[in-house]
Amino acid sequence: MAEFIKLIDITKCTGCRGCQVACKQWNELAAEKTTFTGSLQNPDDLSYNTWTLIRFDEVEQNGKMNWLLRHDACMHCDWPACVKACPSPGALVKTDEGPVVHNTKFCIGCKSCIVACPFDIPRYSKEKENIAKCTLCYDRITDGKNPACVTACPTGCLTFGTKEEMLDKAAKRAEKIGGFIYPNNPKYETHVLYIMPGGLKVADYSHANPNPKMPTTLMWWKNLFKPFTLIGIGGVAGLAALHYLIKGPHRVHEKKEEGGE
Amino acid sequence: MSAQEGMVRVTDPVERIAHWILAVSCLFCVLTGLGLMFHSWSVIPELLGGYYATKWMHIFSGVIFTFSLVYGYFMWKKDCEFEEDDLGWILQGGGYLWQTTKLPPVFKYNAGQKAFFWFLVVFGAILVISGLIMWNPLIFPVMVARFAYMLHAMSVVVLASFIVVHIYLGTIGNPGTVSAMITGLVSKAWCETHCPRWYAERNKKPESV
């Protein structure tokens, strides 16, 4: 199957939150009781039952106040840090189509994916002892449909299609509005892309990582220390065996005992 | 209360029990940890009742390891303080690598054993602290949690390798040694070879058993 990309044209978002509602409906996620926090953002953050969220920010631009609206959800990394960190096979799976999906049946609730994620996406449930996050509606897209959020979006902010098609579209749109594509790290590609307007930085958006990449600590852990655990144990055991064969066991001086007694 | 004829008591029962609680909890942590880190070793979690059960066994075993490590630290630290002669022992390779007659006489533990003790204390402490952070990583800043995962893996590399040396030298590498941690009894000749100064001092005191 082809690889897919969800494109978020941030300039077209009106903050209607149709995507939030559609996500809850399709994935059968319970509503949450929330409180007013002084922002139009509601709920306050992503959660076990809120897989996508419109984040609101107020910034001053050229002396004028501006509202920033950002559809936040799993970025579906091409080389996902969460999957690399996960100890339980099958709990987090990178699919050929692009989405990174979780399976609560196999999740052991260790939370390492939450720590590893460069976008702070997975959310833990104490009651269920596992994690949940956006799946890019893997069940819908493998059936030829668009993700629920994309289907609900009334303004064309969210679009979905094959990788080639969306990359082409993103490049054209970014050029037209003088904006840029985010993330743009060729070493850390994602299956969700933003078209950001010009005149703003990624850092102006709350909870956005301007430089998403595989955490360095995770690289050291999995690429160096992990293999060296076995190399260390095996190597030292090999040296001990060589010592035993070449030098032999270290015997006590029996002569001394005879002399002493 | 005399020991077996011709044998010397080098450990008391409390010391031996503490050693084995520390050893078993440590090895069980290594086993479950390897099962969780290497997906190809799924046979370990499967035999133990699944990945979820293995996670909790790793944590509980880690808690037991923590308490026995603290106990062991206070029990052995006095005998494991380095002294001047230890350098001479290390420079002679402990007599394990080539023939030598220039080994300084050892008191209770030789420099290699002392080094193992301090490696266990330092890297064991890193494992315990990072392990506690990994148990509940979300209450810490993300960079602290990420470092904890990395340091946990790093400490295992060091400690697991040293444990292999410890097991080798405590068993087949030094015939007659392993009984020190089973019955607590070793031969007089063993004492004269491995801890001559301690043995000489012990013989001065008529009360000691």
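Me: What share of the 209 residues of chain B counts as buried?
Reply: This is a predicted model. Burial is judged by counting neighbours: a residue is buried if 20 or more other C-beta atoms lie within 10 Å of its own. In chain B, 30% of the 209 residues count as buried. The C-alpha trace of chain B spans about 60 × 35 × 30 Å along its principal axes.

Me: How many helices and strands does chain B have?
Reply: Chain B has 8 helices and 2 strands. Follow the sequence and the pattern reads β-α-α-α-α-α-α-β-α-α. Now take contacts between residues at least 6 apart in sequence. In chain B, 61% of these join residues at least 24 apart.

Me: Into which domains is chain B divided?
Reply: Domain 1 covers 10-76, and domain 2 covers 84-209. Their centres, taken over C-alpha atoms, are 18 Å apart.

Me: How many residues of each domain of chain B are in contact with the other?
Reply: Domain 1 brings 13 residues and domain 2 brings 12. On the domain 1 side, α1 (13-37) and α3 (51-76) of chain B each supply at least two residues. The largest share, 6 residues, is from α3(B). By class, that side of domain 1 has 6 nonpolar, 5 polar and 2 charged residues.

Me: How many residues does each chain give to the contact between the chains?
Reply: Chain B gives 36 residues and chain A gives 35. Look at the chain B side. Helices α1, α3, α6 and α7 (188-194) of chain B each give two or more residues. The largest share is 15 residues, from α6(B). The chain B side divides into 24 nonpolar, 8 polar and 4 charged residues.

Me: At what angle do the axes of α7(A) and α6(B) cross?
Reply: Angles under 35 degrees count as roughly parallel. Helix α7 (residues 216-246) of chain A and helix α6 (residues 142-170) of chain B cross at roughly 0°, and their axes come within 9 Å. Therefore α7(A) is roughly parallel to α6(B). Their contact has 20 nonpolar, 4 polar and 2 charged residues.

Me: Which residues touch the most other members of the largest nonpolar core?
Reply: Look for C82(A) and C113(A) in this core of 83 residues. Helix α6(B) gives the most to the core, 12 residues. Next, set aside the neighbours of C113(A) within four places in sequence. C113(A) is then in contact with C82(A), A85(A), C86(A), L92(A), P122(A) and I131(A). A second, separate core has 13 residues, among them V10(B), V186(B), W190(B) and C195(B).

Me: Where is there a cis peptide bond in chain A?
Reply: Start with the general idea: most peptide bonds are trans. One cis bond joins N42(A) and P43(A), with omega about -5°. P43(A) is in the loop between α1 (18-27) and β2 (53-61) of chain A. Another cis bond joins Y182(A) and P183(A), with omega about -10°. P183(A) lies in the loop between β9 (180-182) and β10 (192-196) of chain A.

Me: Are L136(A) and C137(A) buried or exposed?
Reply: L136(A) is buried, because 29 other C-beta atoms lie within 10 Å. C137(A) is buried, because it has 25 other C-beta atoms within 10 Å.

Key. Residues numbered from 1 in each chain as written. Chains lettered and ligands numbered in written order. Predicted model: local features only at pLDDT ≥ 70, side-chain atom pairs only at ≥ 80, totals over all residues. Axes fitted to C-alpha atoms, helices over the stretch in contact; angles between N-to-C directions. Helix = DSSP H or I, 4+ residues; strand = E, 2+ residues; numbered from the N terminus. Parallel < 35°, antiparallel > 145°, perpendicular 65-115°, else oblique. Nonpolar A, V, L, I, M, F, W, Y, C, P; charged D, E, K, R; others polar. Domains from an automatic or database assignment. Contact = placed C-beta atoms within 7 Å. Buried ≥ 20, exposed ≤ 12 C-beta atoms within 10 Å, placed from the backbone. Core = buried A, V, L, I, M, F, W, Y, C linked by C-beta atoms within 7 Å.
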